[in-house]
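Please work through each task with the structure in view before reading its solution.

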Amino acid sequence: MRDQDRLPTSPGFWRSPLRGPWFTSVLGLVLLVGVTTLFVTGLVSYAAYNPNLSRVNDTTPNKGLLGFYLFAWPTDPVWLYRLTQGVHVTLGITLIPVLLAKLWSVVPRLFALPPARSVAHALERISLLLLVGGGLFEFTTGVLNIQLDYVFPGSFYPLHFYGAWVFFAAFVAHAVLKTPTALRTVRRRLRDEPEEGVMPAADTLVSPRPARPTVSRRGAFGLVGGGSLLLFLTTVGQSLGGPFRRTALLAPHGTADPNGGPNGFQINKTAAYAGITAADTHEDAWRLVVTGRTGTVRLSRAQLLQLPLHSSSLPIACVEGWSTADQWWRGVRLRDLAALVGHDGDPPDVLVESLQRHGAFRRAALRANQVADPRTLLALYVNGEELSPDHGHPARVIVPAAPGVLNTKWVGRLTFGAL
């Protein structure tokens, strides 16, 4: 028996007295709410890119029915994407200790023999592999993306998109099977009824030879909850911005805003990274090319400054979960530029092209409702000062409620029309 207990397939191998139906059930119910919220906010984040508008916004191939819910992303309220993506990223980071504790609590079942007692049991074990593998994949790629470490092969967007559907399908199947049992287990514990008999003996998580406890279950919950709270407090500040950013110690865009002055707020890409040089943006060389129904016009910065200028107070929010406070932008409305090339009244969609030479989102498409919004600008100034090179000088797009990558910097061309 002692020799058999050295193998992970033996129930006696797993001796922690913490494992049991109640411990696993509580963690599972927390994840039921948390993962569902993550999935919904993730789908909302994907919709914010207007992926059906143009291939330049989305490189996810053959999504087919998986894009059934997509809708035209609104421009109100201006903090919409800041909220949904902030919740998605912050909650994902906060749930990591809960996920790891849940996996630890059920690990004996992964080694249970026989591997399949029936066809139904075999299907359940396969769903568990998809659930565990999909969960680890989604959380790992999400954390790497937040940290700007793109070490995974291919583009983050299709990997995370398809991974989310696989993971959530397995999650739903598991939740349908296990949630009633988990609820009964928690209710029995709250009524001080014994755990014995809550689950079939062959499927129990209770060790037949538990080791001496070194921490109580209450202490274990405190450890998991404390870890989640610590991750929350050291992450959420990047979404809140302002003085709270200093608390985001674990986020690339945490601590204080860079430098100071009107252009002293967060960025992802510098001009140097994007390959933008002073020769590209010099007033003698740079021209904005605007194309539409009646042809093409080329405008220098000086000519743009002769057009009616307007101001908008808008934040920037990015897929990595960070956002800026509202900045005061000033420039020409996109709908006014559309009118210059024959699109009076309701303007159409627009393809925005940047001067940057490499990297994703050198081009981005905006829907007609975004172009028509009077707060959508080709910005020339921010907070009363010309845009700095890193913030998109000589001109950048700023759109209410849009993901940061759709607020294209170093704009060189606008093409209005159906996309």
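**Exercise 1: The largest nonpolar core**

Task: In this predicted model, identify which residues of the largest nonpolar core touch the most other members.

Solution. The largest nonpolar core has 34 residues, and those touching the most other members are Leu288, Leu304, Leu337, Leu366, Leu378, Leu414 and Phe416. Next, consider the elements: two or more residues each come from helices H2 (80–94) and H10 (334–340), and from strands S1 (288–292), S5 (350–354), S6 (363–366), S7 (377–382) and S10 (411–416). Finally, turn to the domains: domain 1 (11–247) and domain 2 (272–416) each supply at least three residues to this core. Another core, of 31 residues, lies apart from it and includes Leu43, Leu95, Phe161 and Phe171.

**Exercise 2: The surroundings of Leu288**

Task: List what Leu288 touches, not counting residues up to four places away in sequence.

Solution. Leu288 touches Val297, Arg298, Leu299, Leu304 and Leu337, and also Leu378, Val411, Gly412, Arg413 and Leu414.

**Exercise 3: An annotated span**

Task: Describe residues 281–416 from the record and from the model.

Solution. An unreviewed UniProt entry annotates residues 281–416 as "domain: Oxidoreductase molybdopterin-binding". In the model, this span is 35% strand and 13% helix, and its end C-alpha atoms lie 23 Å apart.

**Exercise 4: Ser45**

Task: Decide whether Ser45 is buried or exposed.

Solution. Ser45 belongs to helix H1 (residues 21–47). Its relative accessible area is 7%. Buried means under 20%. Ser45 is therefore buried. Leaving aside neighbours within four places in sequence, Ser45 contacts Tyr81, Gln85 and Val319.

Note on methods:
Residues numbered from 1 in each chain as written. Predicted model: local features only at pLDDT ≥ 70, side-chain atom pairs only at ≥ 80, totals over all residues. Heavy atoms only, no water. Helix = DSSP H or I, 4+ residues; strand = E, 2+ residues; numbered from the N terminus. Buried < 20%, exposed > 50% of the residue type's maximum accessible area, 1.4 Å probe, protein only. Contact = heavy atoms within 4.5 Å. UniProt positions renumbered as here; feature names shortened; annotations may be inferred. Core = buried A, V, L, I, M, F, W, Y, C linked by side-chain atoms within 4.5 Å. Domains from an automatic or database assignment.
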